[in-house]
Amino acid sequence: MITAGVDLGTQSVKVVILKHGQVLARSKAFSGFDPARAAEQAFGQALRQAGISSSDVLHVTATGSGMDLASNANSTVSMMSADAKAGVYLFPTARTVVDVGAEEARAVKCDDKGVMVDFVVNERCAAGAGTFIEAMARALEVKLEEMGPLSLKAERASSINASCVIFGESDVVSLIHRQEPKPEIARAIFDAMADRISPMMHRLGITPDVVLVGGVAKDVGFVASLKRKLGIELLIPEYPEYAGALGAALVAVNRVKKV
Amino acid sequence: MKNPSEEKKYMLDISQKEIEELRTTIRATSKKMTAEYIERMRKADKNRPEAMRYFDEIADFEKREKELLAAKESGKKVIGYMCLFAPIELILAADAIPVRVNSGWYDASKLGDRVVPVEVCPMVRSTIGAKMIGLSPYLELSDALISGLTCDGMTKLSEILSDYKPVWAMAVPRLKDSTQSLSFWREEMKTLMKQIEALTGNKITRSKLKSAIELTQRATKAFRRLQEIRKGNPVIMGRDAMLVNQAYMWDDIKRWTEKTEALCEALEERARQKSWACSPDTPRVMVTGTPMIWPDNWKVPSIIEEANPQGLLVADELCSSERLLYDPVGVDEWTMDDMLNAIAERYLMASTCPCFTSEDGNKDRVNWILNKVKEWKVNGVIYYVVRGCMLYAMEYMRVKKVLDRMSVPVYYLDTEYTREDVGPLKTRVEAFLEMLTARVDI
């Protein structure tokens, strides 16, 4: 049985194709101004990669903030349920899944079958999410992918207030004016994000094992800050940004079985 | 130099031209939205009882505005109130008309930002904004306002509104269990009674007060009957019930009671015929938290009942809906003293406002929420808070802990007076409903 999951995120669209519960293909495209088209592109790419045609796919489940835009989807599922499903599939011991994406951070509590039992989403500001790192990298004149490694070189902690992206940026500027070294500032940025995300997780209740997914999970600087803040180990899959799409593809499997 | 008595303590000058422009545009937007909401409510239930039509009509403020204007011309006074601590019976007994003036207009909150910081509760900012441009017919037509000093927002709002009208502030004791509280509150009520008598020129007599109490007792009975119906399989959508409840805040009470009784009649018949408003399997949701005020602030109930999967609002614990009327004034003997005591007790002791605390916190609210969850067979609770609404926001963890122990899912939904966040709110509500349905296909 072949199924697919399409995750229409705020910044990129991700597609995962599954065959008998194994990942056959993964692909990604920038959402841009036309997320529906981006989804079609990513889907086509994934089909080619898998060497199959669209008629081979029994069921497509869409998720993500733009899920209603996926024209070829047979059903939809919330990002939170998709996260829970993927988290437990990747790590059967997972009971909490944290997803930090471009515009949103969320934490989901789940049972041993990967069914969500509770969730929280960050407040309406993107300071706890990926775009914050992008904005701050610009302020520091550092490439986005260099931010994490740079922050690990910091010798001490300095701090900024990440109540919002804009204020965060002005705090970063004050640190620059104080001639704080770049690694320290980079670390302060990740610490500030972790400061936003950890209280949210405490409100939910942190049940181990904790899995971290979403595009930001690839950033070593953020991972180090969040681990430090929570004082626990975080399980991170190989392709964390595909968790939503994977979860949707897994939900699609159950939906085929049900029919 | 301005005359000092005309000097405003808070309010800023705003040109007549701007006032008129803003009032026209905000009223037009709101009128359009109101009509849309009603249309969507009609569509949501194919066999929506004809008796709902009255409430659709009274939802248009202009209708009631005309009636109030006519009443005022005939010499009647209109008395506005903010919190539910204003004893309606005293207003009615003085032949005056009670009307609630809290604002639900989203766009007006942006105007309030000129006077108070954006961190302040949007309902307060919106009420200030509404006053700045004369947006709310009820606020404009009020000859005086009664303000219960409950939260910080309401306390300062009464000061701000006193730039325009007499505001009778009532200090609400925050510890209702202490013996002094009730006697203090009774004194507050007696002071208010004199103020009402002075404004209206009407003496509140024993027989007038008795009739007023009987009138609200009958309203409470109708109100309870409606909520009782909602315990069973769905014969009314939650938004419809909420509109009925909320209309009590501005409608003529006698007429509201008759129309609600007629609606209940129709709903009971509907239940006998098993003609359900939506599938009886629809997850049953309760909302609690910050008041949701018609016309604009109808966003969350709409999202819940139009979501995929759909939810059904079966109950709420909101001071803009089910807290309004649930408790009757219980009188033993119809003496003046006994009646006044009964009114004082009803408004203070029965309230589940989060402004209260005790050794065991705000236990009345927590217990009442638990009770509702059981009696109305609630599957999940949406805890709704607008930014800046401190008391409800802070009480969340208390409520969540208790609900967690009962394995009742609860979700904290925070928002603002804005239409722009409907997308993210919908995502959250749908994820919550998905969780409640615990669908086997996930």
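This briefing walks through how chain A and chain B meet, which salt bridges stand out, and how the two domains of chain A sit together. Please keep in mind that the model is predicted. Chain A brings 25 residues into contact with 22 residues of chain B, and a salt bridge between A:Glu104 and B:Arg428 is one of the links to look at.

**Where chain A meets chain B**

- The area buried between chain A and chain B is about 2000 Å², and carbon and sulfur atoms account for 55% of that area.
- Three salt bridges are found across the interface of chain A and chain B.
- There are also four residue pairs in polar contact between chain A and chain B, counting pairs with both residues at pLDDT 80 or more.
- On the side of chain A that touches chain B, helix H2 (79-90), strand E8 (116-121) and helix H8 (243-258) each supply at least two residues.
- Strand E8 of chain A gives the most to that side, with six residues.
- Sorted by class, the side of chain A that touches chain B holds 11 nonpolar, five polar and nine charged residues.

**The A:Glu104 and B:Arg428 link**

- Side chains of opposite charge can pair when their charged atoms come close.
- A:Glu104 and B:Arg428 form a salt bridge through their side chains, at 3.3 Å from N to O.
- This pair crosses between chains: A:Glu104 is in the loop between strand E6 (96-100) and strand E7 (105-110) of chain A, and B:Arg428 is in helix H17 (residues 422-437) of chain B.
- Both A:Glu104 and B:Arg428 are buried.
- A network of salt bridges links A:Asp83, A:Asp99, A:Glu104, A:Arg106 and B:Arg428.

**Salt bridges elsewhere**

- Over all chains, a search of the whole structure finds 63 salt bridges.
- In chain B, B:Lys363 forms a salt bridge with B:Asp177, and their closest N and O atoms are 2.7 Å apart.
- That pair links distant parts of the chain, 186 residues apart: B:Lys363 is in helix H15 (residues 363-375) of chain B, while B:Asp177 is in the loop between strand E4 (167-171) and helix H9 (179-200) of chain B.
- B:Lys363 has a relative accessible area of 24%, which means that B:Lys363 is partly exposed.
- B:Arg323 and B:Glu317 also meet in a salt bridge, at 2.8 Å from N to O, and both of these residues are buried.

**The two domains of chain A**

- The C-alpha centres of domain 1 and domain 2 of chain A lie 25 Å apart.
- In chain A, 18 residues of domain 1 are in contact with 31 residues of domain 2.
- A:Met80, A:Val88 and A:Phe91 supply 37% of the area that domain 1 of chain A buries against domain 2 of chain A, more than any other three residues.
- Between domain 1 and domain 2 of chain A, the count is two salt bridges.
- Helix H2 of chain A provides the largest share of the side of domain 1 that touches domain 2, with 10 residues.
- By class, that side of domain 1 of chain A has nine nonpolar, five polar and four charged residues.

Definitions and conventions: Residues numbered from 1 in each chain as written. Chains lettered and ligands numbered in written order. Predicted model: local features only at pLDDT ≥ 70, side-chain atom pairs only at ≥ 80, totals over all residues. Heavy atoms only, no water. Contact = heavy atoms within 4.5 Å. Buried area = accessible area lost by both parts, 1.4 Å probe. Salt bridge = Lys/Arg side-chain N within 4 Å of Asp/Glu carboxyl O. Polar contact = N/O pair within 3.5 Å; in protein donor to acceptor, adjacent residues only side chain to side chain. Helix = DSSP H or I, 4+ residues; strand = E, 2+ residues; numbered from the N terminus. Nonpolar A, V, L, I, M, F, W, Y, C, P; charged D, E, K, R; others polar. Buried < 20%, exposed > 50% of the residue type's maximum accessible area, 1.4 Å probe, protein only. Domains from an automatic or database assignment.
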